[in-house]
Amino acid sequence: MPQRSHDVLVFIPTYNERGNVENICTQILALGLPLDLLFLDDNSPDGTGAVLDGLAARHPNVRVIHRPGKLGIGGAHLDGIAWAYAQGYPQLITMDCDFTHTPADILKLRAAAVGHHVAIGSRFMEKGSLPGWNPLRRLLTATGHFLTRTLLRMPFDCSGAFRVYDLTKISPEIFRLVRPRGYAFFFESLFVLNRNGCSINEVPIVLPVRASGDSKMSLREMWRGVSRLLSVFVLSVFSPSRFKLSPPAP
Ligand SMILES: Nc1nc2c(ncn2[C@@H]2O[C@H](COP(=O)(O)OP(=O)(O)O)[C@@H](O)[C@H]2O)c(=O)[nH]1
Ligand SMILES: [Mg+2]
C-alpha cells in the first residue's frame, strides 16, 4: 500500500542521533516544501528510534523504518532508495542527520538537479567549506577525494551523502550493481551512475561540524572504504562490464 503523500522524499539514516533528529525534522518541515521525510534507524542504543516514532506520530508526512541492528550506512541508503522506488517518488534527497548538511541547502541542490540525473553537494568547489573541522578529518577527506579523482577518474565529491536523485531518469537496476553496505557505498554508487551515462551536477556546500553526538566513521570503516576503492579500481581496469547494466535483450 503506497504511503506517498508528496513527490519528493527526503531520506536520513540514523544511528545514535537522539540529540539531532527532532531539530533536523523541524528544520526540514519548516522549509515548507511538498515533501515526505523517511528516517531509517538501526536500533540505536541511545533511543533515537523511539524519538523518531514520536515524530512520525505527530507528523503525517514523517515515516520511520527500523532495522534490528547496525547494518551500515550504505545498506541504509540502498534500503532508502529501494523504498523510494517502491513508493513511486520521482525525486529522492539524501542527507546526514548531524547538521553537517544544512536543511536550507536542499533548495539549491534541487535547483542543481534540474536536467540532471543526480545533483550532489561538494566540499571541494570553494575554499572554507569545512569550517571548524580538525586537521586529521580534513586530511582524510582530501585524501579520499584525491583517490576517487585519480583512480576512478571521478572529479566529483564522491564520498558525501547530500544528494538529489531523479528516480524517473535512473533505472533501479543501476543500484543493484552497488555492492558495499558501508561508507564505500557513496563513491561506488556515483561511479556506477557515471559509468551508466547518468549526468551528475555539483553545487558548493559548506559543512559545519557535527551538531551533537559522534561520528560513526571508524578506522575500520575507513580501511574498508580504501580497500574497496582499490578493488573498484582494479575491477574497472580488468572487468569494466561489472559496473555496467547489460543492454536489454533484443
Ligand atoms: N541507519 C544507519 N545510519 C548510520 C550508520 N552509520 C552512520 N549512520 C548515519 O549516517 C549519517 C552520517 O554518519 P556520520 O557518523 O555523521 O559519518 P561522518 O559524517 O562520515 O562522520 C548520520 O546521520 C548517521 O547517524 C548505520 O550503520 N546505520
Ligand atoms: Mg557526519
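This is a short chat about the predicted model shown above.

User: Before we start, what sort of model is this?

Analyst: A predicted one: local features need pLDDT of at least 70, side-chain atom pairs count only at pLDDT 80 or more, and totals for chains, interfaces and linings use all residues. Residues are numbered from 1 along each chain as its sequence is written, chains are lettered from A and ligands numbered from 1 in the order in which they are written, and side-chain values use heavy atoms, with hydrogens and water left out.

User: OK, how many helices and strands does the protein chain have?

Analyst: Eight helices and seven strands. Those are DSSP runs numbered from the N terminus (helices H or I, at least four residues; strands E, at least two).

User: And how much of the chain is buried?

Analyst: 48% of the 250 residues count as buried, where buried means under 20% relative accessible area, exposed over 50% and partly exposed in between (1.4 Å probe, protein chains only).

User: What are the spans along the principal axes?

Analyst: The C-alpha trace covers about 50 × 50 × 35 Å.

User: Switching to helices, at what angle do α5 and α8 cross?

Analyst: Roughly 10°, and the axes of α5 (residues 135-151) and α8 (residues 219-238) come within 10 Å. The axes are lines fitted to C-alpha atoms, for helices over the stretch in contact, with angles from 0 to 180 degrees between N-to-C directions. That makes α5 roughly parallel to α8; angles under 35 degrees count as roughly parallel, over 145 as roughly antiparallel, 65 to 115 as roughly perpendicular and the rest as oblique.

User: Which residues make that contact?

Analyst: From α5, Leu 140, Leu 147, Thr 148 and Leu 151; from α8, Met 222, Leu 229, Leu 230 and Phe 233. Contact here means heavy atoms within 4.5 Å.

User: What about Glu 188, buried or exposed?

Analyst: Buried, at a relative accessible area of 0%. Glu 188 sits in helix α7 (residues 185-195). Not counting residues up to four places away in sequence, Glu 188 touches several residues, among them Arg 179, Arg 228 and Arg 242.

User: Last one: where is Val 51?

Analyst: In helix α2 (residues 48-58). Leaving aside neighbours within four places in sequence, Val 51 is in contact with Arg 18, Val 21 and Glu 22.

User: And how far is Val 51 from Ala 161?

Analyst: The two are 23 Å apart in space, C-alpha to C-alpha, and 110 residues apart in sequence.
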